[in-house]
Amino acid sequence: MFSEKDLVARSIEDMAKEVAELQAQAREEREKSESLNQKEIELRRKSVETRPVNAGLAESLWQEAESLKDESRELMRLSMEKTLRAAEVQRRIDIHDQIESLDNYDEIWREAAGARRG
């Protein structure tokens, strides 16, 4: 699941930008999926209402609803994939911040120890 981006040293700013972009894309895909779900429900309702009058049209509407359901599921899958990727990149940022914090802690400790001796 590694991408080429994982093999290149990137700045924290680049990674933070990627997290924001991935989260925005995931949100957009989730919203599209929810919209498709609403359209699917409406088509199924129309299909049921139309069945006594026009069975062929009702079947067509039902098949279109099935297609929307599949598309909606795919969008949700993509949304989750991007959400997980954003979390993975954010975890790397957090680890970097922790390491940087430890480096700063070590420096402060050395300065304090040096001041005590001097």
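This is a predicted model: local features need pLDDT of at least 70, side-chain atom pairs count only at pLDDT 80 or more; totals for chains, interfaces and linings use all residues.
Leaving out neighbours within four places in sequence, E29 is in contact with L75, L78, S79 and K82. With K82, the contact includes a salt bridge between the side chains, at 3.0 Å from N to O. Since E29 belongs to helix 1 and K82 to helix 2, this pair ties together parts that are 53 residues apart in sequence.

Side chains of opposite charge can pair when their charged atoms come close. Here, the count of salt bridges comes to 13. One of them joins the side chains of R10 and E18, with 2.3 Å from N to O; E18 counts as buried, at 7% relative accessibility. R10 and E18 also turn up in a network of salt bridges together with R85, E88 and R92. Another salt bridge links the side chains of E59 and R51, at 3.8 Å from N to O. E59 is partly exposed, at 36% relative accessibility, and R51 is partly exposed too, with a relative accessible area of 37%.

As for the rings, a search of the whole structure turns up zero aromatic pairs. The ring of W62 does have the charged end of R44 sitting over it, 4.4 Å from the ring centre.

Over in helix 2 (residues 55–117) sits S67, which counts as partly exposed at 42% relative accessibility. Its C-alpha atom is 9.8 Å from that of L36, a residue 31 places away along the chain.

Methods:
Residues are numbered from 1 along each chain as its sequence is written. Side-chain values use heavy atoms; hydrogens and water are left out. Rings of Phe, Tyr and Trp (its six-membered ring) pair if their centres lie within 6.5 Å; planes under 30 degrees apart count as stacked, over 60 as edge-to-face and the rest as tilted. A charge sits over a ring if NZ of Lys or CZ of Arg is within 6 Å of the ring centre and within 35 degrees of the ring normal. Helices (H or I, at least four residues) and strands (E, at least two) are DSSP runs, numbered from the N terminus. Buried means under 20% relative accessible area, exposed over 50%, partly exposed in between (1.4 Å probe, protein chains only). Contact means heavy atoms within 4.5 Å. A salt bridge is a side-chain nitrogen of Lys or Arg within 4 Å of a carboxyl oxygen of Asp or Glu.
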